[in-house]
Amino acid sequence: MTTMITGGTGFIGSCLAKILIDEGETPVLYDIAPVQGPLSEHSGRFVFERGSLEHFPILMDCVERHAVDRIFHLGGMLSLPSENDPWKAFDANVVGTRNILEAARVRNMRQVIYGSTIATYSKDIPGDTIDDRTIQRPSSLYGITKTFGELLGRWYHRRFGLDFRGVRLPSIVGPGAKTAHMSIYNAWAIEYSIKGLPYTLNCEPETRCPALYYKDAALALNGLAAADPGRIRTRVYNIAGITPPFSARELVRAVEERIPGASLSFKPDAVVVELLRELGSLKISDACARTEWGWELSYPLAAMVDDFIEEFERHRSYFL
Ligand SMILES: NC(=O)c1ccc[n+]([C@@H]2O[C@H](COP(=O)([O-])OP(=O)(O)OC[C@H]3O[C@@H](n4cnc5c(N)ncnc54)[C@H](O)[C@@H]3O)[C@@H](O)[C@H]2O)c1
């Protein structure tokens with residue numbers, strides 16, 4: 001029995017790989033990008049296979065050679081890269097997800113776990129709460145492709161009995177995030193301060209954004225995978241993140257308490273402020289994840305900042 005992680009060398013994938021390694025597995029990491037960061041310290045305890053999601057023969061060959069019977073599907077393109085290169089994003093996220101589900105069907109796999117996103121929701125949400133029944137009508141290509149992945153997975157479950165499950169993650173915070181995105185200030189305010197560099201947050205002190213520590217994201221995926229199938233009714237679950245969402249001011253205070261020389265300031269970008277005002281005012285309900293498979297947050301704001309600093313210091317050479 002072998003577990004494959006697509007996007008296995010990525011930010012969340014490599015964190016999940018470490019959890020599976022600690023549980024005694026030797027996961028197969030399928031990705032177009034090489035292994036980097038702290039995961040390199042565990043070489044020999046995972047298998048890296050370089051390949052793209054849209055190349056079905058390469059994917060099937062990998063699945064067959066390693067007798068893969070479970071996939072965590074985290075590979076694909078995120079929001080900004082998808083808007084910048086929509087056709088490539090379509091291939092990676094739409095064709096890629098079809099290929100993963102098809103490989104799982106052909107090989108009669110025991111499970112596929114999907115990393116979706118709260119970006120599958122749009123601005124025109126009725127009321128002020130997003131729950132697992134809220135209509136998904138995303139406007140970004142990223143959101144559209146991820147909604148498709150959720151729906152296709154549900155169809156494979158209904159039509160072929162595939163044990164497909166997924167989580168919709170909020171913005172993920174952790175050390176070593178390289179790609180700038182709307183809420184990257186959450187990670188970079190901490191990371192720049194550890195490095196002794198000044199950092200200007202491009203939001204307002206009161207800006208709030210639903211966020212989750214990267215270890216909690218990996219724990220959510222693994223927890224969902226382990227849940228009793230009899231309790232899985234909703235199938236794809238919202239994960240609200242740190243609740244209520246912390247403000248940028250609260251983050252700055254938490255960093256300054258731990259790193260006295262931190263030099264953090266604000267220069268709000270109108271677009272970021274406006275987009276996050278909408279998102280930060282919405283309540284995300286993850287009641288179904290809590291009641292159906294016992295999801296619980298392990299890293300609230302203070303624990304997240306503490307662990308971020310510890311992780312960074314432990315693996316400093318990879319992050320500089
Ligand atoms: N980071 C976040 O804030 C966030 C929030 C919600 C959901 N998610 C979801 O979680 C998953 C993992 O995100 P992440 O933060 O680890 O991102 P990441 O960019 O670090 O990881 C994605 C990985 O997919 C690989 N990849 C991209 N295109 C590929 C292709 N065509 N074939 C094979 N591999 C390919 C990349 O090389 C990368 O290693 C994604 O599916 C994303 O949609 C992320």
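Guide: What follows is a dialogue that moves from the whole chain to single residues.

Guide: This is a predicted model, in which local features need pLDDT of at least 70, side-chain atom pairs count only at pLDDT 80 or more, and totals for chains, interfaces and linings use all residues. Residues are numbered from 1 along each chain as its sequence is written.

Visitor: How many helices and strands are there in the chain?

Guide: Helices (H or I, at least four residues) and strands (E, at least two) are DSSP runs, numbered from the N terminus. The chain has twelve helices and 13 strands. Its radius of gyration is 19 Å, close to the 20 Å that the globule rule gives for 320 residues, so the chain is as compact as a globular protein of that length. Here the radius is taken over C-alpha atoms, and the rule is 2.2 Å times the number of residues to the power 0.38. Along its principal axes the C-alpha trace spans about 55 × 50 × 40 Å.

Visitor: What percentage of the 320 residues count as buried?

Guide: A residue is buried if 20 or more other C-beta atoms lie within 10 Å of its own, exposed if 12 or fewer, and partly exposed in between, with C-beta atoms placed from the backbone. By that criterion, 42% of the 320 residues are buried.

Visitor: With what is lysine 146 in contact, leaving aside its neighbours within four places in sequence?

Guide: Two residues are in contact if their C-beta atoms, placed from the backbone, lie within 7 Å. With those neighbours set aside, lysine 146 is in contact with Asn93, Ser116, Thr117, Ala119 and Thr120. For the chain, residues 24 or more positions apart account for 76% of the contacts with a separation of 6 or more.

Visitor: Which strands pair with strand 7?

Guide: Two strands pair if DSSP finds at least two bridges between them. Strand 5 and strand 7 pair in the parallel sense over six bridges, and strand 7 also pairs in the parallel sense with strand 11 (residues 236-238), over three bridges. Arginine 168 of strand 7 is the bridge partner of serine 116, and arginine 168 also stands opposite asparagine 238 in strand 11.

Visitor: Why is strand 7 described as largely enclosed?

Guide: Six of the six residues of strand 7 (residues 164-169) are buried, so the strand is largely enclosed by the rest of the structure. Phe164, Gly166 and Arg168 point one way, Arg165, Val167 and Leu169 point the other way, and all are buried.

Visitor: What surrounds the ligand?

Guide: A residue is near a molecule if its C-beta atom, placed from the backbone, lies within 6 Å of it. The ligand is surrounded by 25 residues, the closest being Gly7, Gly10, Phe11, Ala33 and Ile172. Two or more residues come from each of helix 1 (11-22), helix 4 (86-106), strand 5 (111-117) and strand 8 (171-173). Helix 1 gives the largest share, three residues.

Visitor: Which backbone details deserve attention?

Guide: The peptide bond from threonine 243 to proline 244 is cis, with omega near -10°, and proline 244 is in the loop between strand 11 and helix 8. Alanine 67 has a positive phi of about 50° although it is not a glycine. Alanine 67 lies in the loop between helix 2 (56-65) and strand 4 (68-73).
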